[in-house]
Amino acid sequence: MPDAFADHLTDTTPPDTTPADTTPATDRVLAAYTTLRLGGPAGTLTTAADTAEAVEAVRRATVEGRPVLVLAGGSNVVVGDAGFAGEVILLRNRGVEVISEGAGEVVVRVASGEPWDDLVAYAVSSGWSGVECLSGIPGSAGATPIQNVGAYGSEVAHTIAAVHAYDRIEDRQLGMAPEQCGFGYRSSVFKHNDRYLVTAVDFRLTRQDLSSPIRYAELARQLGVEAGDRVPLEQARQTVLKLRAGKGMVLDPEDRDTWSVGSFFTNPVVPAGFFAELTAERGEMPHWPGADGTVKIPAAWLIEHAGFPKGFAGVGVSISTKHTLALTNRGAGDTAALLDLARTIRDGVRDRFGVELHPEPVLVNCQI
Ligand SMILES: Cc1cc2nc3c(=O)[nH]c(=O)nc-3n(C[C@H](O)[C@H](O)[C@H](O)COP(=O)(O)OP(=O)(O)OC[C@H]3O[C@@H](n4cnc5c(N)ncnc54)[C@H](O)[C@@H]3O)c2cc1C
């Protein structure tokens with residue numbers, strides 16, 4: 001293993017911030033590449049049109065000791081106003097390939113830069129079941145394992161057969177089985193970890209015209225079915241898209257409620273004993289019992305009941321008018337203002353309920 005790779009990943013010396021990129025700083029402003037439309041300039045910016053270019057750009061920056069930020073759809077990052085003084089690699093590698101087919105299933109290999117919802121639409125129209133409830137989620141296919149993307153009772157860990165990655169420490173490409181990915185609730189070994197560049201993901205999908213069992217009560221209600229029932233794939237997709245659009249959770253450049261990272265906070269998971277004390281003191285609240293004696297509480301409920309309604313505004317930023325969990329840029333905001341709003345909400349929930357909220361997106365060169 002070349003030491004330069006390992007050394008760089010553990011090195012805490014400030015990076016050389018001299019941009020090697022001669023592109024004017026205004027053209028490297030990362031706000032142009034994030035759904036929040038926030039974030040300062042990159043030190044250098046490279047667009048990787050294919051996987052080989054992406055791997056080479058990451059390898060080169062690693063050898064040269066420059067920090068790397070991989071950016072695909074920019075829909076789950078909050079970039080500081082000072083930007084990122086390293087190499088930003090925009091992933092634009094595309095491709096969808098069926099790598100194995102059986103009577104009942106298909107395994108499809110998807111390049112990491114492929115837009116996620118294009119893949120979902122393709123799967124639905126091909127009669128491949130498994131990802132239909134994840135319709136309308138912005139961003140790339142390669143980012144879905146990073147936080148084990150999930151919605152409406154489904155998550156990508158249910159269908160991922162393998163993750164292909166370039167390992168910066170070992171300077172080699174490898175395939176990782178799901179058990180090696182450490183998938184959890186909005187987490188995996190890839191999150192908050194710049195060791196791996198995900199180059200492609202294999203999804204195992206079922207050949208059938210019906211959805212996987214509908215697990216989420218709100219979706220089942222909207223479909224007019226019982227939880228556990230299946231519905232035609234296209235019906236599942238369209239219903240999810242409609243529900244999401246009503247909450248500002250489908251990107252629409254005209255709608256500032258979608259200038260967000262989706263949910264800003266994860267739903268807190270607390271020990272059952274703490275939850276019992278909390279409800280004894282504060283009254284009943286919605287919750288989902290988890291495994292191993294934990295309870296998950298909807299962050300949106302906590303935020304609303306701590307006094308932060310939809311539309312609650314900061315400076316040029318606000319809670320979405322459609323969904324309490326989405327913090328949005330109204331057009332004139334900056335990252336500092338967004339994070340001030342996030343801090344106000346986090347502290348308010350802590351004061352009212354003693355529950356700590358944690359950000360779901362990756363914070364780049366900034367913190368709350
Ligand atoms: C309106 C809206 C709704 C959303 N709804 C949901 C939802 O329902 N469920 C959900 O889970 N998320 C949701 N999100 C969050 C986001 O869409 C997902 O997390 C998505 O997978 C991020 O993809 P991306 O390509 O935009 O990643 P980026 O924002 O570009 O990157 C996110 C992080 O992943 C890293 N990364 C990205 N690609 C790679 C790669 N190939 N290799 C290594 N690291 C990589 C980046 O370095 C960064 O740390 C929503 C966001 C928005 C704006």
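The model is predicted: local features need pLDDT of at least 70, side-chain atom pairs count only at pLDDT 80 or more, and totals for chains, interfaces and linings use all residues. Residues are numbered from 1 along each chain as its sequence is written, and side-chain values use heavy atoms, with hydrogens and water left out.

I begin with the sheet. Three strands form an open, parallel sheet in the order E1-E4-E2; strands are DSSP runs of E, at least two residues long, numbered from the N terminus, and two of them pair if DSSP finds at least two bridges between them. Strands E1 (42-48) and E2 (68-71) stand at the edges with a single partner strand each, so one side of each is left without a neighbour in the sheet. E1 pairs with E4 (residues 84-91) in the parallel sense over six bridges. In E4, leucine 90 is the bridge partner of threonine 47.

I turn now to the ligand. Around the ligand there are 36 residues, where a residue counts if one of its heavy atoms lies within 4 Å. Val70, Ala72, Ser75, Ser140 and Gly150 come nearest. E2, E8 (150-151) and E12 (196-207) each supply at least two residues of this shell.

Which backbone atoms lie 2.8 Å from an oxygen atom of the ligand? One is a polar backbone atom of alanine 72, and another is a backbone N or O atom of glycine 73. For glycine 74, a backbone N or O atom lies 2.9 Å from a ligand oxygen atom.

Definitions and conventions. Helices (H or I, at least four residues) and strands (E, at least two) are DSSP runs, numbered from the N terminus. A polar contact is a pair of N or O atoms within 3.5 Å; within protein, one must be able to donate a hydrogen and the other to accept it, and residues adjacent in sequence count only if both atoms are side-chain atoms.
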